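Keep the structure open as you read.

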Amino acid sequence: MKILIIVLSVLVFLSGIRLLSSNGGLGEYLALKLRLAEVEQQVKTQQAINDLLKKEVIELQTGTDALETIARQRLGMIGGNEIFIQVLNLPPTQVVAPIPDEQVESIQENPLPINPIEP
């Protein structure tokens, strides 16, 4: 009986070592479980992006408002009765105040009111 218990103990010990240290063991299972969680998160992100793209395609196929907005933003479309105004955001180091021209006479304010009240 002692021999049977010793043999079973050795077999359990060897199977435990195989379970923890070999290919397909517990370590690989945990690593694959983490990788599966990462892949599932990536799939959710891609599905959200796909949903947005599907919505955009449907809007482009059904209406002209989305098409006009994209044309304005990406291609710089300007309507026939519109005026193009471009606002530049320069960093403060590139903004230079104009140098006053010495030949131009300074504008002096008139001390009299523009529309004097006549008595």
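A salt bridge here is a side-chain nitrogen of Lys or Arg within 4 Å of a carboxyl oxygen of Asp or Glu. The model is a predicted one. By that rule, the count comes to 3 salt bridges. Side chains of opposite charge can pair when their charged atoms come close.

Start in helix H2, which covers residues 26-62. Here the side chains of Arg35 and Glu38 form a salt bridge, at 3.5 Å from N to O. The two residues sit 3 apart in H2, so about one helical turn separates Arg35 from Glu38. How accessible are they? Glu38 has 45% relative accessibility, so Glu38 counts as partly exposed. Arg35 is also at 45%, and is partly exposed.

Now move on to helix H3, residues 65-75. Glu68 and Arg72 meet in a salt bridge of 2.9 Å, N to O. Both lie in H3, 4 residues apart, which is about one turn of the helix. Glu68 is partly exposed, with a relative accessible area of 34%. Arg72 is partly exposed too, at 30% relative accessibility.

Arg72 has another partner. Its side chain meets that of Glu82 in a salt bridge, at 2.8 Å from N to O. This pair links distant parts of the chain: Arg72 belongs to helix H3, while Glu82 lies in the segment after H3, 10 residues apart. With 35% relative accessibility, Glu82 counts as partly exposed. Which residues do the shared partners join into one network? They are Glu68, Arg72 and Glu82.

Next comes the packing of the helices. Two packed helices are described by the angle between their axes and the distance between the axes. For H2 and H3, the angle is about 110 degrees, and the axes are 7 Å apart. Angles of 65 to 115 degrees count as roughly perpendicular. H2 and H3 are therefore roughly perpendicular to each other.

Which residues make this contact? From H2 come Glu56, Glu59 and Leu60; from H3 come Ala66, Leu67, Ile70 and Arg74. Sorted by class, the contact has 4 nonpolar residues, 3 charged residues and no polar ones.

Step back to the whole protein. What is the order of its elements? From the N terminus on, they run α-α-α. The protein has 3 helices and 0 strands. Of its 119 residues, 3% are buried. A residue is buried when its relative accessible area is under 20%. The accessible surface of the protein comes to about 12100 Å². Carbon and sulfur atoms hold 63% of that surface.

Glu68 pairs with Arg72 in H3, and Arg72 pairs with Glu82 in the segment after H3.

Conventions: Residues are numbered from 1 along each chain as its sequence is written. This is a predicted model: local features need pLDDT of at least 70, side-chain atom pairs count only at pLDDT 80 or more; totals for chains, interfaces and linings use all residues. Side-chain values use heavy atoms; hydrogens and water are left out. Axes are lines fitted to C-alpha atoms, for helices over the stretch in contact, and angles run from 0 to 180 degrees between N-to-C directions. Angles under 35 degrees count as roughly parallel, over 145 as roughly antiparallel, 65 to 115 as roughly perpendicular and the rest as oblique. Contact means heavy atoms within 4.5 Å. Ala, Val, Leu, Ile, Met, Phe, Trp, Tyr, Cys and Pro count as nonpolar, Asp, Glu, Lys and Arg as charged, and the others, Gly among them, as polar. Buried means under 20% relative accessible area, exposed over 50%, partly exposed in between (1.4 Å probe, protein chains only). Accessible areas come from the Shrake-Rupley method with a 1.4 Å probe; for residues, only the protein chains shown count as cover.
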